[in-house]
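Hello,

Here is the structure I promised to pass on. My notes follow below it.

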Amino acid sequence: MYNGVQLRWFNVLNGVKQGGVLSPILFCVYIDGLLHQLSSLYVGCYIGNVFTGVLGYADDIALLAPTATAMGVMLHIHNFISPNW
């Protein structure tokens, strides 16, 4: 129901099961490769020697970069390969 109008039902065919016991673990396994690749680019922000260019919490990811060029590099990862399960 939206704004007092009832809409038709539809099937959702893609996505992660919300509330599933295994969903957060599978998401972490999937996104771990991306986070490691971002840290291996050696662009982004650092606090001392600690890379802080990508922050992830639950299903949110924030990229931090000191320049627009560095952010562009981080946003254009072409060789990211998701893990084979």
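Isoleucine 25 sits in helix 1 (residues 23–40); helices (H or I, at least four residues) and strands (E, at least two) are DSSP runs, numbered from the N terminus. Isoleucine 25 is partly exposed, at a relative accessible area of 49%. Here buried means under 20% relative accessible area, exposed over 50%, and partly exposed in between (1.4 Å probe, protein chains only).

This is a predicted model, in which local features need pLDDT of at least 70 and side-chain atom pairs count only at pLDDT 80 or more, while totals for chains, interfaces and linings use all residues. Residues are numbered from 1 along each chain as its sequence is written, and side-chain values use heavy atoms, with hydrogens and water left out.

Glycine 44 belongs to the loop between helix 1 and strand 1 (46–47). Glycine 44 is buried, with a relative accessible area of 11%. Apart from neighbours within four places in sequence, glycine 44 has contacts (heavy atoms within 4.5 Å) with Phe51, Gly53, Leu64, Ala65, Pro66, Ala70 and Met74. Between the C-alpha atoms of glycine 44 and valine 54, ten residues apart along the chain, the separation is 7.7 Å.

Leucine 75 is part of helix 2 (residues 68–75). Is leucine 75 buried or exposed? Leucine 75 is exposed, its relative accessible area being 55%. The C-alpha atom of leucine 75 is 8.6 Å from that of leucine 63, twelve residues apart along the chain.

Regards
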